[in-house]
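Reader: I have not looked at this one before. Can you take me through it?

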Amino acid sequence: MSGASKTGPFALLQAGGWLALFLVVAKACSGEIAWWPHFPARILTLLASSWSDVAFGLSCGLLGALVLLALARCPRAAMVAHWFFLALFAFFVFYAVAAVGLFGYFKRPVTFELLGLIGNAGAIRSSITARVTWPIALAFLLAPILFLFLAQRPGRGARLALAVACVWIVSGWLLARSGWEKERLQFLALSPHAEFLRTWARNLTGGHRPGFPKDFPPAFVDEFRTFRARGTESPTGFALPEGVARPRNAIVIVLESIGTKYLGLYGHAPDAAPTLTAEAKHALVFDNIYAHASFTFASFRPLNFSVYPGLPWHYSLLEDGRPVPETLAALMKKRRGARTAYITSGDLYWRGQRWLLEREDNFDTLLGAPDLGCPLLSSWGTEDRCAIDQLVSFIGQEPGRPFFAVVWTDQTHDPYLLGPGRAEAPGASELERYLAVLRQTDAQLARVFATLRERGLADDTVVIVTGDHGEAFADPHGQRGHAWSVYEEEVHVPLLIWNPRLFPNGGRSATIGGQVDLNPTLADLLGLEPAPEWQGHSLFDPARPERAYLMAIAGGNIFGVREGEWKYIYDVTSGRESLFNLTADPQEQRDVSAQEPERARTLRQRVAAWVTFEDAFLWGREN
């Protein structure tokens with residue numbers, strides 16, 4: 001092949017073929033296809049799961065060839081374009097290696113929305129390095145080099161290879177359409193490159209606003225209005241026992257990445273949080289509380305400001321210049337003269353949290369991981385022990401003055417690292433490491449309750465323990481981590497309201513609610529008027545709606561609602577809806593939407609009312 005032909009249009013088409021081959025090899029090596037002992041069947045699995053990768057590679061080559069044809073009269077520009085496309089293809093090979101690890105963790109391709117949610121890329125450093133093995137590191141280096149070497153070789157048999165690629169695409173597409181291993185291929189068959197570019201383009205054009213039906217009753221939106229708009233003067237609902245004084249102090253503990261699925265208090269064995277189980281004897285435990293979206297900052301907003309977290313295409317309520325709703329800390333300072341503190345073992349600057357908390361007169365003390373006096377345990381933060389140290393110190397200050405504190409833990413976030421001097425079990429799975437760190441954090445919670453008892457503050461202090469969201473370990477659904485779905489493992493979170501004087505014999509509540517309801521509930525217990533801009537309801541209010549609204553923000557427009565024993569999910573992108581009876585099917589395995597069309601329709605209207613109202617509310621156009 002002559003030098004000119006090495007930089008001609010066909011050379012780039014051939015390079016696209018090599019790119020397609022590398023993408024297929026990456027998918028074959030992903031670990032998602034168990035080759036032995038069902039080798040022939042797994043060849044078909046690879047065919048059905050990689051046709052989109054081959055199509056992506058050939059499309060890249062075809063695009064490059066067309067550009068070179070257009071530049072045929074400009075040899076220098078054509079040469080620059082040739083090397084630009086080769087470098088781009090080499091980067092795609094590099095990303096294919098990264099996609100293997102990312103898919104192994106998330107069990108689905110990474111989207112642009114997910115990277116946007118992460119915000120500070122440095123925060124995820126520990127989660128990435130924990131999974132970079134020597135083979136992967138070598139593949140990062142060698143795969144692009146090998147690709148560039150092969151892409152510049154003479155194209156003997158190239159036409160045959162291109163024909164095979166076309167047959168691969170057609171046969172793989174037909175096999176996938178036939179339903180071959182449908183569940184396994186739901187996300188594996190997606191091209192990670194095409195999926196990222198698709199979601200990037202969607203974001204670039206302003207996001208996709210789903211066309212929800214507008215045929216819902218107008219009254220359906222009333223439950224989302226603020227206290228001011230509802231005309232509610234008081235959140236009263238909690239029946240204070242006769243002769244019992246209201247508590248003066250409050251502590252809110254938010255456990256990072258902790259849902260109900262792996263807590264002994266909610267039925268998991270073995271019990272990785274024995275402190276919570278023991279202290280439930282002096283607490284009201286809520287069985288049906290939800291994170292509105294399974295992502296930390298999506299929970300930061302409702303937990304602190306009692307507003308819904310936003311929408312996937314308009315993920316901004318508190319950063320657009322409008323006044324920030326009052327926090328409970330601000331109410332405690334203004335109406336009770338309380339001292340206040342916000343302590344986290346994570347990064348307080350992540351996603352502008354400190355800025356949001358400082359915009360109003362909220363907290364006297366704001367402490368993040370660098371302020372706790374402990375070395376960082378990971379790029380996400382430090383030991384939860386260090387945050388509890390500061391809380392214990394804060395409790396002991398200014399005896400007799402009311403106090404309010406929020407503590408947000410971090411150690412149970414991926415990559416689930418134990419504190420210094422604690423060795424993890426050899427060969428421990430990610431779930432086992434997660435549970436081991438949970439036990440360590442739970443032991444720190446015991447110090448909080450012990451401190452309150454030792455100082456004689458237990459009866460006069462409400463302690464709320466909840467989770468910001470859950471964590472998925474591909475059981476029972478395929479996703480890993482969080483932010484991808486509204487299945488129970490990601491959004492069903494614990495809620496304990498602890499006070500020995502108010503709940504001397506403990507108790508359980510089946511009330512359904514969400515994180516947006518936490519501030520009104522705590523204000524109800526403390527006897528405080530709610531902030532007028534809060535959207536939530538007290539969980540003790542007998543007139544409150546028995547529903548919780550949900551959305552997924554990393555993988556597309558997925559919305560849901562929990563009402564009674566029913567859980568409804570609507571995937572706008574695919575148009576698929578699901579309805580589960582959580583009493584009969586707590587694992588969400590049997591979609592009964594076809595058997596319950598009217599119920600599904602009503603719940604779809606509920607979701608449509610929420611999304612429609614929130615869209616207007618976020619733009620300041622609510623009625």
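Author: This is a predicted model. A place to begin is the pairing of E13 and E14, which is antiparallel and runs over six bridges.

Reader: Which residue in E14 is the bridge partner of Asp571?

Author: Asp571 has Arg576 as its bridge partner in E14.

Reader: What sits in the hairpin of E13 and E14?

Author: Four residues lie between the strands, and Gly575 in this hairpin has a positive phi near 75°.

Reader: What is the strand order of the open sheet?

Author: The order is E11-E12-E13-E14, four strands with antiparallel pairing. E11 (547–552) and E14 (576–581) are the edge strands; each has a single partner, so one side of each has no neighbour in the sheet. On average, neighbouring strands here are turned by 15° against each other, ignoring direction.

Reader: And how many bridges join E12 to E13?

Author: Six bridges join them, between residues 558–563 of E12 and residues 566–571 of E13, and the two strands run antiparallel. For instance, Arg562 has Lys567 in E13 as its bridge partner.

Reader: Which helix packs on the sheet?

Author: Helix H20, residues 597–618, packs on the sheet and touches E11, E12, E13 and E14. The direction of H20 makes about 115° with that of E12.

Reader: Take Leu452. What is it in contact with, leaving aside neighbours within four places in sequence?

Author: Leu452 is then in contact with Ile251, Ile395, Phe403, Leu457, Ala458, Thr461, Val463 and Trp498. Another core lies apart from the 133-residue one. This other core has 23 residues, including Phe56, Phe85, Leu86 and Val93.

Reader: Leu522 was on your list. Where in helix H19 are the buried residues?

Author: Leu522 is one of the buried residues of H19, along with Leu518, Asn519, Pro520, Thr521, Ala523, Asp524, Leu525 and Leu526. Nine of the nine residues of H19 (residues 518–526) are buried, so the helix is largely enclosed by the rest of the structure.

Reader: What follows H19?

Author: Gly527 follows H19, with a positive phi near 80°.

Reader: New topic, then. How many aromatic pairs are there?

Author: A search of the whole structure finds 30 aromatic pairs. One of them is Phe94 with Phe140, a tilted pair at 4.7 Å centre to centre, with 35° between the planes. Phe94 is in helix H4 (residues 75–106) and Phe140 in helix H7 (residues 134–151), so to speak of the chain, 46 residues apart.

Reader: Is Phe94 buried or partly exposed?

Author: Phe94 counts as partly exposed, at 35% relative accessibility. An edge-to-face pair is formed by Tyr342 and Phe363, 5.3 Å centre to centre and 70° between the planes. Tyr342 belongs to strand E3 (residues 339–344), and Phe363 to the loop between helix H15 (353–358) and strand E4 (365–367). Both Tyr342 and Phe363 are buried.

Reader: Which residues do ring pairs link into a cluster?

Author: The cluster consists of Phe224, Tyr308, Tyr549, Phe559, Trp610, Phe613 and Phe617.

Reader: And what lies over the face of Phe394?

Author: Arg339 does, at 4.6 Å from the ring centre. In another case, Arg508 lies over the face of Tyr266, at 5.3 Å from the ring centre.

Reader: Now the backbone. Which peptide bond is cis with omega near 0°?

Author: That is the bond from Ala269 to Pro270. Pro270 lies in the loop between strand E1 (249–255) and helix H12 (274–279). The bond from Asp475 to Pro476 is also cis, with omega near 5°, and Pro476 lies in the loop between strand E7 (472–473) and strand E8 (480–481).

Reader: What about Ser257, what is its phi?

Author: Phi of Ser257 is near 60°, a positive value in a residue other than glycine. Most residues other than glycine have a negative phi. Ser257 is in the loop between E1 and H12, and is buried, with a relative accessible area of 0%.

Technical notes. Residues are numbered from 1 along each chain as its sequence is written. This is a predicted model: local features need pLDDT of at least 70, side-chain atom pairs count only at pLDDT 80 or more; totals for chains, interfaces and linings use all residues. Side-chain values use heavy atoms; hydrogens and water are left out. Two strands pair if DSSP finds at least two bridges between them. Axes are lines fitted to C-alpha atoms, for helices over the stretch in contact, and angles run from 0 to 180 degrees between N-to-C directions. Contact means heavy atoms within 4.5 Å. Rings of Phe, Tyr and Trp (its six-membered ring) pair if their centres lie within 6.5 Å; planes under 30 degrees apart count as stacked, over 60 as edge-to-face and the rest as tilted. Buried means under 20% relative accessible area, exposed over 50%, partly exposed in between (1.4 Å probe, protein chains only). A charge sits over a ring if NZ of Lys or CZ of Arg is within 6 Å of the ring centre and within 35 degrees of the ring normal. A nonpolar core is a set of buried Ala, Val, Leu, Ile, Met, Phe, Trp, Tyr and Cys residues joined through side-chain atoms within 4.5 Å.
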